Amino acid sequence: ERSDVLIDALDRGVGRGTETLTGPVVELGAGTGAGTRVLAEHADHVVAGDLAGAMLGHLPATLADRVQLDASALPFADRSIGTLVCVNMLLFADEVRRVLAPGGALVWVNSIGERTPIHLSADAVAAALGDGVTVTASRCGWGTWAVARCS
């Protein structure tokens, strides 16, 4: 059930249909990989990133590339990432704008909606990302999601 909101965001927000997500797909704050497991079913190339290397050690190596990283200073080239996924994560808007490829998407998920400790509404995500952003948002079960595309 906790994965339903991420699956809904991918299906309805990103609009992947029957196609796989364009890569690389990077999950920030991947932890032990609950979201990574979903992403691996929908993308050819997934990178699971987390500040805590010990958390990533619980993630099966065959599921995704694992990278210990600080989301406030991402180790990716400018405009190189097709999809960034943040489930119950802090938003580092400047880094998101820097690394998203043209037409790329930020998938923002609050797994228990407004009760999520690190909750941002779709409007707050859009405001943080600034001009030139289009946002699609919805609810699924207890969760909320927003998909932001930067021009």
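L84 touches V26, L28, V96, V99, L100, A105, L106 and V107, leaving out residues up to four places away in sequence. Contact here means heavy atoms within 4.5 Å. The model is predicted: local features need pLDDT of at least 70, side-chain atom pairs count only at pLDDT 80 or more, and totals for chains, interfaces and linings use all residues. Residues are numbered from 1 along each chain as its sequence is written, and side-chain values use heavy atoms, without hydrogens and water.

L84 belongs to the largest nonpolar core, which has 24 residues. Such a core is a set of buried Ala, Val, Leu, Ile, Met, Phe, Trp, Tyr and Cys residues joined through side-chain atoms within 4.5 Å. Buried means under 20% relative accessible area, exposed over 50%, and partly exposed in between, with a 1.4 Å probe and protein chains only. The residues with the most contacts inside this core are L28, F76, L84, L106 and L129. At least two core residues come from each of β1, β4, α4 (93-99), β5 (100-110), α5 (122-129) and β7 (143-150). Helices (H or I, at least four residues) and strands (E, at least two) are DSSP runs, numbered from the N terminus. Apart from this core lies another, of 22 residues, including L6, A48, L59 and V147. In soluble globular proteins, nonpolar side chains tend to be buried together.

Turn next to β5. Nine of its 11 residues are buried, so the strand is largely enclosed by the rest of the structure. Strand β5 runs parallel to β4, and six bridges join them. Two strands pair if DSSP finds at least two bridges between them. V87 stands opposite V109 in β5.

N110 also lies in β5. N110 counts as buried, at 1% relative accessibility. Beyond residues up to four places away in sequence, N110 touches N88, T116, I118, H119, L120, G143 and T144. One of these partners, N88, sits in the loop between β4 and α4. N88 is partly exposed, with a relative accessible area of 24%. N88 is not a glycine, yet has a positive phi of about 55 degrees. R79 also has a positive phi of about 55 degrees without being a glycine. R79 is in the loop between β3 (65-68) and β4, and is partly exposed at 47% relative accessible area. Most residues other than glycine have a negative phi.

Which residues of helix α2 (residues 34-42) are buried? They are G35, T36, V38, L39 and H42. They cover an arc of only 160 degrees around the axis, which puts them on the same side of α2. The arc is that of the directions from the helix axis to the C-beta atoms. The buried residues of α2 pack against α1 (4-14), β1 (25-28), β2 (46-50) and β4 (81-87). The face turned away from the buried side carries exposed A34 and E41.

Strand β6 (residues 133-140) holds V135. V135 is partly exposed, with a relative accessible area of 31%. Leaving aside neighbours within four places in sequence, V135 is in contact with A122, A126, A146, V147 and A148.

R115 lies over the face of W142, at 5.3 Å from the ring centre. A charge sits over a ring if NZ of Lys or CZ of Arg is within 6 Å of the ring centre and within 35 degrees of the ring normal.
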